[in-house]
Amino acid sequence: MKQQYISYQQTIDFLKQAMGEHPHLIRLQTIGETWEGRPIIMVTMSLDVAYADEKPALLYTGTIHAREWIGIELSIAFIKHVIDNYKVDPKLLDTLSRNTLYMVPCLNPDGFEYSRNHFSFWRKNRRDNGDGTFGVDLNRNFGVRFKQSNDTSVNTYGGPAPFSEPETRAIKDFVERHPNITIALDYHSQGNVFFPAHKFNHEAEVEGTDLNVLCANMAREIERVTGRRYGIHRGKPPTNLIHGSGREYYYSQGIIGTVVEVGTRNIPDYLINMSQSVDENIPAVLYALKSATNYSKHAPKRVENFTVENIGSNEVTLSWDAETAPDLYFEIYRAERGKSPCVDENLVAITRTQSYTDVQLKSGHRYFYNIRAVDRVRKVKSPWAPEVQLKTLLAKDEFSHTAFPMKAQVGYVGERTLKRNAEHFGHNSLFVGVNRNKGCCFGVIMFQFGSLPIDVLLRKASLALYPMDRVNAKIERYGEWSISILDEAEITDITSYDQIANAQALQTLGNAIESDKLTQGIWSSWNFTEIERGILSQQFASGRVILRIEGPTSLPQGHDSQMMQFDIGYGRFGGGIHYRPSLQLIYTKQPKTMEFSPAALSTIAQAGVKHEQLQSGFDAQGDKVYGSLAFSLAGLPKPDETVITTAYVKLSAQNKLNTNKDIRFTMELAELEDLDYQSVRSRDQIEFVGYEVSNTQLKENSSHDFVFDSYCRNQLEQCHSDNRDVFLLLRPTTPSQEKNALIDWFAQGDNKQAKLVIEYIERRKQPLPPPTDFKAEIENGKVKLSWTSPSHQDLVGCYVVRNRFHPPRSPFDGVKLYGGKDGYTYDSFGNANIPKYYSVFSYDDVPNYSQPASMMFSVDEVIHIEEDVIETQEEEEERLQREDEVPEPVNNN
Ligand SMILES: [Zn+2]
C-alpha cells in the first residue's frame with residue numbers, strides 16, 4: 001500500500017509542472033534546506049499570484065511528523081482540485097481572487113522519505129543528535145513553551161534549542177515576513193479531531209469562539225462528504241500541556257491556528273481510508289481559505305458585550321454593542337449543542353438593530369448563540385463575539401433534575417485490570433471499548449435518586465458524556481457506543497467486572513453512537529425514548545439507576561485498540577465538575593384533581609334575574625336569556641405554588657328542545673358590573689372557554705365540558721392569586737329568530753350539577769431572591785468566592801458560574817464552578833491573573849434560578865499558577881499494569 005503514496009521528489013516534479021502550466025495561479029519557492037539537503041518547498045496559490053502577498057492568507061503545513069502522510073497527500077490533491085475547477089467554480093474563483101494560500105506540503109522531507117523507505121512509523125526529522133540517536137520532533141521545536149530535555153531518544157524530543165532545526169526556522173522566517181497570514185492549518189494524523197491553539201492561560205480567550213467556529217464549519221464540510229464527525233478539542237483546561245508546537249507559535253503571531261488530526265491511522269489503506277480523508281478535507285481547506293479575509297485588517301470589528309437580556313421558556317432576547325455603519329449588519333446563529341457550525345441552516349437572524357428576540361424555543365433546553373458583523377458592500381465578515389450559552393426556563397408545569405454520580409459511583413471495569421477496577425472509580429477516565437492491554441472495558445455510572453418525588457412523569461431524559469480522547473479508537477468506522485440500563489437488583493458491586501459484564505440489560509438505548517460520530521471535545525448525549533424513560537422510571541423506586549456504557553468488545557485482525565475515553569470530572573485526569581457525566585431529566589408530576597360546586601348561579605333575562613337557577617336560550621319575545629356561574633377557588637393550595645394543568649366546566653342539560661334549529665351555547669369568562677340584563681349587554685368579554693355546544697349535540701349527549709385553554713387557565717390562576725371568584729356566562733346564539741327555546745342547566749346534589757373541575761400540581765412559580773454579599777478573595781493562589789444565601793425554607797442551593805467576557809445572566813453561560821448548599825467555593829481551574837466575571841444564582845427545587853449576583857474580578861498582584869507536570873493517564877495505567885504483572889493475553893494478532 002505504501003507504494004500508492006506520492007514521494008517527495010514526485011511532489012516536487014508535480015508542482016513544477018503545475019506552475020509551468022498555471023504561472024498566474026501557482027508560485028513555487030524554496031524556504032529552506034533540510035539536514036540531508038532537501039529543499040523545503042512552499043507553494044503559493046492566488047489569482048493573480050503576483051499579488052498574493054497583498055491578500056489575506058491561509059497557511060497550510062503538512063507532514064511535519066514524518067509518518068503522518070495525510071499532510072502531503074491532501075495538499076497535492078487540493079492543488080489538483082483547484083487546477084481542475086477554478087475556471088468553472090465561481091466560488092473557488094472568488095475565494096482565490098480575495099485570498100492567498102501558502103502551502104508547505106511536507107515540512108519534514110527527510111523524515112518523510114525515511115518513513116517511506118525504511119521505518120514506517122518514524123516521527124521526527126533526521127538530525128544526527130551526536131549520541132547515536134537521530135531526530136528532533138519538529139512539532140516540539142517551536143519557541144512557545146519550548147521544553148529543554150536531554151532525552152534525545154524519545155519520540156517527542158524537542159531539540160537542543162527552540163528553532164534549532166532548519167525546518168522550523170524556515171517556516172518561522174516565512175511567517176514573520178508574511179503578516180498577511182491570518183489562519184494556519186497544520187495537518188496531522190490521527191483522531192478525526194481539531195486541536196485549536198491555546199494560550200495556556202487556563203481561561204477562555206477572545207479568539208476561542210473564532211477557533212471553535214472555524215473548526216466546526218470545517219467539520220461541517222467534512223461531514224457533508226463522508227458523514228464523519230470531527231471533534232474539536234478546546235475549551236477544557238489543558239492538564240498536560242504541549243510544548244514547542246507550531247500551532248501555538250502561529251497563534252502567538254496573531255494567527256488563528258489549529259491542528260487537524262485526520263483519520264485513525266498514520267498510514268492507512270490508500271484506496272479506502274486515505275481517499276476518504278483526502279476527499280472530505282478538500283472542502284474544509286477551501287472553507288478555511290475563504291475565511292482568511294474575515295480575520296484581516298479589512299474585516300469589521302468584533303461585536304462587543306454580546307449577552308442575553310431576557311430568558312423565557314420559549315423565547316430569549318439577545319443584545320450587543322457594535323459600531324454602526326450604513327453597510328454593516330449582524331448575523332445571529334443558534335445551535336442546540338456546543339461547538340456547532342454557523343451555517344445557513346442555523347442562521348436565525350439578519351438584522352441591523354442591536355437586539356434580537358428569538359422565538360419558538362423549547363422549554364428547559366440549552367441554546368448556543370453566535371454573532372458577527374458583516375460588511376454588506378465589501379462582503380467581509382468580522383471575527384466572532386464570545387458565544388452566549390443559556391437554558392430556557394422550564395414550562396410552567398415542568399421540573400428538572402440533573403443527576404451526577406458520586407465519586408465512588410463512576411468508573412470503568414476492564415477485563416484485564418481486575419485488581420485495579422475498584423481504584424478506577426472516581427480516579428480514571430471512563431475507558432470504553434477494547435484494547436490489547438486492558439481487554440474489554442465497560443464504563444459504569446450509578447445515579448442515586450433519593451430526592452426525586454415518587455410520582456414523576458418523565459418528559460425527557462438524556463445522558464451526557466464528554467469524550468476527552470479518541471486517539472485509541474484506531475479503526476475507522478468500527479463499533480458503536482451505547483448505554484444500557486442494568487437491573488440494579490442484580491448488582492451488589494459496581495466495580496466488579498464480572499457483575500457488570502454479565503448483567504442483563506433491561507434496555508439498551510436506541511441511539512447508539514457510531515465510532516465516526518463520537519467527537520472528542522464535544523459532548524455526546526444519549527436521549528431516552530418514551531419506552532426507555534418508562535424503564536428508567538421503574539428504577540427510581542429503588543432509589544438508584546446503574547448504567548453500563550459499552551463499546552465494541554472484539555478487535556478485527558491486525559488491530560490493537562478501539563477505545564474511547566470519557567471524562568468523569570473527578571480525579572487529576574478529570575476536568576472538574578463541568579465535565580462530569582450527568583443524567584438530565586425533565587419531568588412533571590401526577591396532577592391532583594379538585595371539583596368546585598358553583599358559589600352562585602343565576603338566570604339573567606329581560607324579565608329579570610332569578611337566582612339559584614341556570615337557564616339560557618331565548619324567551620317568549622325572542623330575547624336572549626343568559627346563565628351566570630361563579631366559582632370560588634379558595635380550596636386550592638397557595639397561589640404562588642399552584643399550577644393549573646387542566647380545567648373545565650361540566651354542564652348537563654336537563655331538558656331537550658323540540659326545535660331542530662341551530663342554537664348554540666357558548667361559555668365566556670366575563671365580569672359583570674351588576675347581575676342585571678343591562679350589565680350583561682355591556683359586559684367586557686375576557687375570553688371564550690372552549691368551544692360552543694349545539695342544540696343537536698345536546699340531544700345526543702346532554703353533558704358538555706367547556707375546556708379552558710392555556711390563556712383561560714392563566715386567568716383562573718390570576719383569579720386564585722387575587723382571591724377573586726371566577727365568573728362565567730352562558731350565552732345562546734342562533735343565526736335565525738328563536739322564541740321559547742330555553743335549556744335548563746340546573747341540577748342539585750348529583751353528578752349532573754354544574755361543576756368546575758381543576759387539575760393542578762404544586763410547584764413554585766417564582767425564583768427566590770438572589771444571594772447577597774458576593775465576594776472574591778485570593779486564597780492559596782486560587783479565587784475563593786463566597787456569598788450569603790437567601791434564608792428561605794424552599795432554598796435548595798446556589799449555583800456559581802464563570803465567564804471570561806461578560807457577567808453570566810444564565811447559570812449556563814459559562815463554566816460551572818459550584819452547585820450546592822455551601823456559602824463558598826474555589827475556582828480551582830481558572831487563572832486568577834486574568835480578569836473575568838462570576839455570577840451566583842439561588843435555586844429552589846424546580847429549579848427556578850434567581851436573578852444573578854454578579855461581579856467582575858481582577859487582581860493587581862501576580863498570582864503564581866501551579867502547573868502539574870505529571871505522568872499522563874496512559875503512562876500511569878501502563879506502570880500499574882506492569883506492577884500488577886497481569887499475564888500477557890494469548891497473542892492472536
Ligand atoms: Zn502529528
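Predicted model: local features only at pLDDT ≥ 70, side-chain atom pairs only at ≥ 80, totals over all residues.
The chain is divided into domain 1 (2-295), domain 2 (304-393), domain 3 (402-589), domain 4 (598-753) and domain 5 (772-857). Between the C-alpha centres of domain 2 and domain 3 the distance is 34 Å.

An open sheet is built from eight strands, with mixed pairing. Across the sheet, the strands follow the order β1-β2-β4-β3-β5-β8-β6-β7. The edges are formed by β1 (26-33) and β7 (231-232); each has a single partner strand, so one side of each has no neighbour in the sheet. Strand β6 (residues 193-196) is paired with strand β8 (residues 256-261) in the antiparallel sense, and four bridges join the two. In this pairing, Pro196 has Thr258 of β8 as its bridge partner. Helix α6 (residues 208-226) lies across β5 (181-188), β6, β7 and β8. The angle between helix α6 and β8 is about 40°.

Nonpolar side chains tend to be buried together in soluble globular proteins. In this model, the largest nonpolar core contains 107 residues. Met45, Leu58, Tyr60, Ile183, Leu185 and Ala288 have the most contacts inside this core. Residues of the core come from both domain 1 (2-295) and domain 2 (304-393), and the core therefore lies between these two domains. When neighbours within four places in sequence are left aside, the contacts of Met45 are with Leu25, Ile26, Val82, Leu96, Leu101 and Met103.

Note on methods
Residues numbered from 1 in each chain as written. Core = buried A, V, L, I, M, F, W, Y, C linked by C-beta atoms within 7 Å. Buried ≥ 20, exposed ≤ 12 C-beta atoms within 10 Å, placed from the backbone. Domains from an automatic or database assignment. Contact = placed C-beta atoms within 7 Å. Pairing = 2+ DSSP bridges. Axes fitted to C-alpha atoms, helices over the stretch in contact; angles between N-to-C directions.
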